[in-house]
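Work through the exercises below with the model open. Each task is followed by a stepwise solution.

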Amino acid sequence: MASAPLRNPLSAFVLAILISALLAGVAGYASTYIPFIEFRLFALGFALFAVGALAGRRIFIGSLGFVGAYLGAFVGLLLAQQLFWFNAYAELIALGLALPAGAGGFMMGKVGVHRLARSQQTTPGLRRCSSCGARVGASAHKCWSCKATLTY
Ligand SMILES: [Zn+2]
């Protein structure tokens, strides 16, 4: 357990919230340079999808990626608006714009599930060369890298 803390779904979840909050805060701050509110919200929607996707990268569960990215983006956006862009609709904007972030997190969570499933499928077929450590196929007789004869 302690040897791979980032594989722990809960710590990955907390990490996703933190990353999402931080990046959403940065995106919220950067958006104050965009002059019109329509453009600002539009650009933020895309930026936050990317934020959610980045935040959800370590998560292997889609719904967890959604919640993590959504919560983080909501907090980050709310803070960014309180600090740099005071407006009467801060909560509404944060609630709405956290959605694309959640979608990004969900998407990456799903990709993560597929990635995990695929790696579990291919791992039993993979061996390592005993002399150089290169990955070799299950049916290989000679190492492609150091040309050692594979005995097992
Ligand atoms: Zn080798």
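**Exercise 1.** How are α2 and α3 oriented to each other, and why?

*Solution.* Some ground rules come first. This is a predicted model: local features need pLDDT of at least 70, side-chain atom pairs count only at pLDDT 80 or more, and totals for chains, interfaces and linings use all residues. Residues are numbered from 1 along each chain as its sequence is written.

Step 1. α2 covers residues 37–55; α3 covers residues 62–84.

Step 2. Classify. Under 35 degrees is roughly parallel, over 145 roughly antiparallel, 65 to 115 roughly perpendicular, and the rest oblique. α2 and α3 are therefore oblique to each other.

**Exercise 2.** List the residues that make the contact of α2 with α3, and sort them by type.

*Solution.* Step 1. Apply the contact criterion: C-beta atoms, placed from the backbone, within 7 Å. α2 supplies Leu 48, Val 51, Gly 52 and Ala 55. α3 supplies Gly 68, Ala 69, Gly 72 and Ala 73.

Step 1. Sort. Ala, Val, Leu, Ile, Met, Phe, Trp, Tyr, Cys and Pro are nonpolar; Asp, Glu, Lys and Arg are charged; the others, Gly among them, are polar.

**Exercise 3.** Is Leu 78 buried or exposed?

Step 1. Count other C-beta atoms (placed from the backbone) within 10 Å: 20 or more means buried, 12 or fewer exposed, in between partly exposed. Leu 78 has 20, so it is buried.

Step 2. Find its partners. Leaving aside neighbours within four places in sequence, Leu 78 contacts Ala 90, Glu 91 and Ala 94. The C-alpha atoms of Leu 78 and Leu 95 are separated by 8.8 Å, 17 residues apart along the chain.

**Exercise 4.** What is the phi of Lys 147, and where is this residue found?

*Solution.* Step 1. Read the angle: phi is near 65 degrees, a positive value in a residue other than glycine. Most residues other than glycine have a negative phi.

Step 1. Locate Lys 147 in the segment after β2 (135–137).

Step 2. Count neighbours. Lys 147 has 10 C-beta neighbours inside 10 Å, so it counts as exposed.

Methods
Helices (H or I, at least four residues) and strands (E, at least two) are DSSP runs, numbered from the N terminus. The expected span of a helix is 1.5 Å times one less than its number of residues. Axes are lines fitted to C-alpha atoms, for helices over the stretch in contact, and angles run from 0 to 180 degrees between N-to-C directions. Two residues are in contact if their C-beta atoms, placed from the backbone, lie within 7 Å.
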